[in-house]
Amino acid sequence: MANIKITRTQNSRIGSVDWNNLGFGVYFSDHMFVAEYKNNRWNEGEILPYGPMLMEPGLCTLHYGQSIFEGLKAYRCVSGGINIFRPDMNAKRLNHSGSRVCIPAYDIKNNIEAIIELVKVDKDWVPQKKGQSLYIRPVVFGSSNFLGVHSSSDYLLIIMTSPVSSYYPEGLNPVKIMVASEYVRTVRGGLGSSKTAANYAASLLASAKAKELGFSQVLWLDAVTRSFVDEVGAMNIMFVIDDELVTPPLEQGTILAGVTRDTALVLAREWGMKVSERALGIDEVFAANEKGKLQEIFGTGTAAIISPVGLLSYKDKTIIINEQKIGPVAQKMYDTITGIQYGELEDKHGWNIHVEV
Ligand code: COI
């Protein structure tokens with residue numbers, strides 16, 4: 001896929017961006033990459049002006065939700081150029097998600113090339129300030145029109161980008177999280193490890209109720225025993241208990257294999273921290289707090305990067321973590337990960353793809 005066809009917009013919208021108030025996913029850059037799957041193969045794909053798409057009411061995805069997506073980011077490198085952080089992991093995860101909902105795989109090399117070309121075309125949309133980045137959102141969905149329940153024969157892959165600042169308005173300030181006791185997000189054998197639109201739809205009601213009560217997000221428990229911690233939905237979750245970094249394991253297939261999760265675990269192990277990927281009961285979290293051993297809780301995710309949790313509420317119990325301040329592990333994690341992303345620290349794992357612009 002060496003030469004991607006590019007049709008440039010005649011009407012750039014970049015002048016309308018308020019770079020001091022980017023928010024998250026509010027602005028869409030001028031271009032998008034579009035590839036079509038028809039007759040059992042993906043076409044070459046092309047870069048087009050970002051804009052509305054024609055669709056029929058019979059679009060199968062509207063009815064049966066055959067849709068997956070990804071999220072990764074491009075950062076302005078302090079020494080010039082742009083760093084795209086670990087796009088290979090996202091490309092692989094897209095195919096993992098697709099395999100669960102019968103969406104055909106997309107070539108990993110082509111995926112990364114499409115992202116690089118799109119970032120080059122919209123290089124001016126990569127924000128200049130630290131704390132800001134260009135969020136890259138690939139989405140794949142069934143594009144055939146029918147009402148029988150079966151998988152689509154045609155698909156669209158669209159990659160769009162959006163200049164963003166922090167995901168939570170709190171930024172790096174600790175968020176308040178409510179542990180879900182009424183609803184569940186996913187079950188073993190379900191969609192939990194796949195980044196499907198359906199997972200996020202399943203989270204909306206509990207999130208809305210939590211927001212009404214003043215919380216930023218919901219922490220999901222396992223759906224069977226309703227006692228083990230899963231993830232937050234928009235991010236994975238990590239605990240520092242008695243100097244050990246503990247996070248739920250991937251094996252059950254109920255949580256997303258987060259790229260930032262993996263990055264944080266690699267770094268923590270390098271720093272010599274004790275790290276455990278293991279089942280963690282919500283009761284154990286509250287008991288550790290009672291004993292004064294719960295030092296930190298923080299979320300990891302592409303959108304949020306590192307998000308400290310300052311307050312956790314479960315049924316009638318509420319605990320304050322680290323006096324509602326960011327803890328040393330979360331701070332070091334944030335500084336190191338963003339340091340690598342913005343090219344301030346050595347990228348010894350080769351996580352960035354550097355794009356000269
Ligand atoms: C991400 O971190 O990229 C996410 O997918 C979280 C959310 C915006 C859906």
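A search of the whole structure finds 17 salt bridges, a salt bridge being a side-chain nitrogen of Lys or Arg within 4 Å of a carboxyl oxygen of Asp or Glu. The model is predicted, so that local features need pLDDT of at least 70 and side-chain atom pairs count only at pLDDT 80 or more, while totals for chains, interfaces and linings use all residues. Residues are numbered from 1 along each chain as its sequence is written, and side-chain values use heavy atoms, with hydrogens and water left out.

**Stop 1: the two domains.** Select residues 5-165 and colour them as domain 1, then select 175-341 as domain 2; these bounds come from an automatic or database domain assignment. The centres of the two domains, taken over C-alpha atoms, are 27 Å apart.

**Stop 2: where they meet.** Between them, domain 1 and domain 2 bury about 1,900 Å², 57% of it on carbon and sulfur atoms, where buried area is the accessible area (1.4 Å probe) that two parts lose on being put together, summed over both.

**Stop 3: the bridge between the domains.** How many salt bridges are counted between domain 1 and domain 2? The count is 1. Select Arg86 and Asp262, whose closest N and O atoms are 3.0 Å apart in a salt bridge. The pair links distant parts of the chain, with Asp262 in helix α5 (residues 259-270) and Arg86 in the loop between β7 and α2, 176 residues apart; helices (H or I, at least four residues) and strands (E, at least two) are DSSP runs, numbered from the N terminus. Arg86 is buried at 8% relative accessible area, whereas Asp262 is partly exposed at 27%; buried means under 20%, exposed over 50%, and partly exposed in between (1.4 Å probe, protein chains only).

**Stop 4: a bridge between two loops.** Move on to Arg185 and Glu231, which form a salt bridge with their closest N and O atoms 3.4 Å apart. Arg185 lies in the loop between β10 (175-179) and α4 (197-212) and Glu231 in the loop between β11 (217-219) and β12 (236-241), so the pair ties together parts that are 46 residues apart in sequence. Both Arg185 and Glu231 are buried.

Stop 5: Finally, select Glu323 and Lys325, whose salt bridge has its closest N and O atoms 2.6 Å apart. Glu323 is exposed, at 61% relative accessible area, and Lys325 is partly exposed, at 49%.
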